[in-house]
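Subject: Structure for your files

Hello,

Here is the structure I said I would pass on. My notes on it follow below.

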Amino acid sequence: MKRIISVLMENAPGALSRIVGAFSQRGYNVDSLCVAPTDDESLSRLTIVTHGDDKVIEQITKQVNKLIDVLKVVDLTEGAHIERELMLIKVATRTESVRAEVKRNADIFRGVILDVNANNYTIELTGTTDKLDAFATTMGQCAEIIESSRTGVCGLARGERALRP
Amino acid sequence: MKMMSGAAMVVEALKDVGVTHVFGYPGGAVLDIYDALFAQDDVKHVLVRHEQAAAHMADGYARSTGKTGTVLVTSGPGATNTITGIATAYMDSIPMVVLSGQVPSMHIGEDAFQETDMVGCSRPIVKHSFLVKRAVDIPEAIAKAYYIANTGRPGPVVVDLPKDLVNVADEHPYVFPNDVSMRSYNPTEKGHPKQIKKAVSALLKAQRPVLYVGGGAVACEASSRVIELAEKLHAPVTCTLMGLGAMPGTHKQFIGMLGMHGTLEANKTMHNADCIIALGARFDDRVTNNVDKFCPHADIIHVDIDPASISKTVNAHIPVVGSVDKVLDQIHEQLVNQDLTAQQEKLADWWQQIEQWRARTCLNFEQGEEVIKPQRVIQALYKHTNGEAYVSSDVGQHQMFAALYYPYDKPRQWINSGGLGTMGFGLPAAMGVQFAHPKATSVVVTGDGSIQMNIQELSTCLQYNLPIKIISLNNRALGMVRQWQDMIYKGRHSHSYMDSMPDFVKLAEAYGHVGIKVDKLEDLDAAMEKCFSYTDRLVFMDIAIDQNEHVYPMQIKYGAMDDMRLSKTERT
């Protein structure tokens, strides 16, 4: 089962490698990883998407929590939460009809065309992983995908719950 | 404010955290630190012959005292040579700080001479590590390293020091931090009161309880509290390989070590128990055998300071996060108001059953008239040391014999590499023990395979006049490998024997020590007596033992805890 684990950690050299290391060392899966400093620059927030049964997820949160640089760990999927991922996707648009179809689909998915060239469009799309997957499939059907890049999921709990030091 | 060089800061900070001994080996990147060491007498430096041994010495020092062991090595090969020693300490949760030299900051990443990414290399086997970036940060990094190493679940910490930071020519203000508290590191020591209540009620309800005691009870000096709980409840106690000594080996409620080579009574008691309280033990695979068949009738109370150890392999019904000593104090507080006079009577049936298992005397062995049995050697060792020696072991059959046939009455008396199973650990560990306890008897139980993995330290022993006693059980083979090959590989002894053994007596003499060879049973006791009569010399006893002996009892793979072979022909 897919889980979104959010980690609050010291924004210190080596902290990220320790977390990634803990995953590979213990054979846990990393489906996506997203990390950046928070509003407090001494802290980083990392969101990791993984999958496994309850026992594995419990071990993951405990092992990550055990790392000295880590302040807090929460499994966002345990409660109501918001998740978003950003994708940039570049597709070949060599003919008028393809260009029109790409534009139409981008509008339907509420994507933004960021770059236009003679032969390709680059589109930005934000949403859940499912939405991005669906858009990529649609693009693949109406045009040739040249390349794409995704940020991985980031998320927050809904309501009062928050990950604070 | 004192001004001093980075190198002097390293030494000053070591003094401020109370370090007495540093085990190390000099080299390019740490020459400045060595120069600072030369200028003082407070911190004693022990010059080893191989950096791996330095780590094991610091480890033996730590295991026998509870204090953090310290290692100092140069960059590159000096640092990487400590990796096995760090991993050994990590697996057994031993407090250790490794100070490693690093190439100058401006050359990091250039593949400079003797450069390795030590923080990276050691990352999976340390509790934490620091790559110090500024000289003024040295005192804080060292203070934090010692704080982290010896609080919570102890473990090794690496401090990597680039050479430009410790340059003796540059002076910086030295400020040792009064407080090293960290917002991201606050180990839970006291158990949750609700969980304590649940644990106490489960213990009082139990008809067939057992205490399963591990290295965590040794680490936090909880031995007296363990004995108290056992006696209050009148419950049987088993110890893991790492927990031996936490319950006196000669105590009548002690039923022996449990696990793969545990006693029949310990494994039977565990399997049939209705309540198990694990105290600083981690249900590892060398204990549980097949986890699906593990102790089917028991409510499991798991006390451990590391939440990640709880329900990792075996599900705990009552998890208690906290250090064993604090949690036992809390349990004792709850027991004060309880009337426990009926406990003994309540558990009478349970003890009757346990005594029946005990009556099978699973540790009996047939000595015969000529060839010396390894078990007999350990019994002789026990007798000649009055059961009071620090026994450091290597890894293999001799390790199991030393665990089973020498009852340890005190914690920290038994020193061995339990988790990692590091051959070559014994001799340097015993040296660390001897440095920490100069007057005590420090013994190594080893074999012809293990001893050759760090034999060079015999030279260090001479330099520091360490009167260690090496009891080498020489079976001309890698005994444990050979045993498995006998049992599983139809006796095909693939590379498990050595036909080019050195003359160990001459070898000991070449290093300036005393060597004694024993190959007849009738000579064993006299030789042992002679060995311990040399109070100021290292003695190497090369004892020829039965090559075909196996370690029993032994759990049968994929079985329950109590599915065991009791000898080459009997099983449960």
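Strand β2 (residues 21-24) of chain B runs parallel to β3(B), and four bridges join the two. One residue pair to look at is H21(B), whose bridge partner in β3(B) is K44(B). Please keep in mind throughout that this is a predicted model.

These two strands belong to an open sheet of six strands in chain B, with the order β3-β2-β4-β5-β7-β6 and parallel pairing. At its edges are β3 (44-47) and β6 (128-131) of chain B, each of which pairs on one side only. On average, neighbouring strands of the sheet are turned by 20° against each other, direction ignored. Helix α3 (residues 51-65) of chain B packs on this sheet and touches β2, β3, β4 (69-73) and β5 (96-102) of chain B. The direction of α3(B) makes about 165° with that of β4(B).

Further along chain B there is a helix pair. Helix α11 (residues 264-272) and helix α15 (residues 348-358) of chain B pack at an angle of about 145°, their axes 8 Å apart. The crossing of α11(B) and α15(B) is right-handed. On the α11(B) side the contact is made by L264(B), E265(B), K268(B) and T269(B), and on the α15(B) side by I354(B), W357(B) and R358(B). Sorted by class, the residues in this contact are three nonpolar, one polar and three charged.

Next, the two chains together. In the contact between them, 17 residues of chain A meet 14 residues of chain B. On the chain A side, the elements giving two or more residues are α1 (15-25), α2 (54-66) and β4 (70-75) of chain A. Of these, α2(A) gives the most, with five residues. The chain A side as a whole divides into five nonpolar, six polar and six charged residues.

Last, the nonpolar cores. The largest has 204 residues, and the members that touch the most others are V10(B), V159(B), L211(B), V213(B), V226(B), I276(B) and I277(B). What is V10(B) in contact with, leaving aside its neighbours within four places in sequence? The contacts of V10(B) are I33(B), A36(B), L99(B), I138(B), I142(B), L161(B) and V166(B). There is also a second, separate core of 12 residues, which includes V102(A), A106(A), L132(A) and A143(A).

Regards

How values were computed
Residues are numbered from 1 along each chain as its sequence is written. Chains are lettered from A and ligands numbered from 1 in the order in which they are written. This is a predicted model: local features need pLDDT of at least 70, side-chain atom pairs count only at pLDDT 80 or more; totals for chains, interfaces and linings use all residues. Two strands pair if DSSP finds at least two bridges between them. Axes are lines fitted to C-alpha atoms, for helices over the stretch in contact, and angles run from 0 to 180 degrees between N-to-C directions. Two residues are in contact if their C-beta atoms, placed from the backbone, lie within 7 Å. A crossing is left-handed if the near helix is turned anticlockwise from the far one by less than a right angle, and right-handed if clockwise. Ala, Val, Leu, Ile, Met, Phe, Trp, Tyr, Cys and Pro count as nonpolar, Asp, Glu, Lys and Arg as charged, and the others, Gly among them, as polar. A nonpolar core is a set of buried Ala, Val, Leu, Ile, Met, Phe, Trp, Tyr and Cys residues joined through C-beta atoms within 7 Å. A residue is buried if 20 or more other C-beta atoms lie within 10 Å of its own, exposed if 12 or fewer, and partly exposed in between; C-beta atoms are placed from the backbone.
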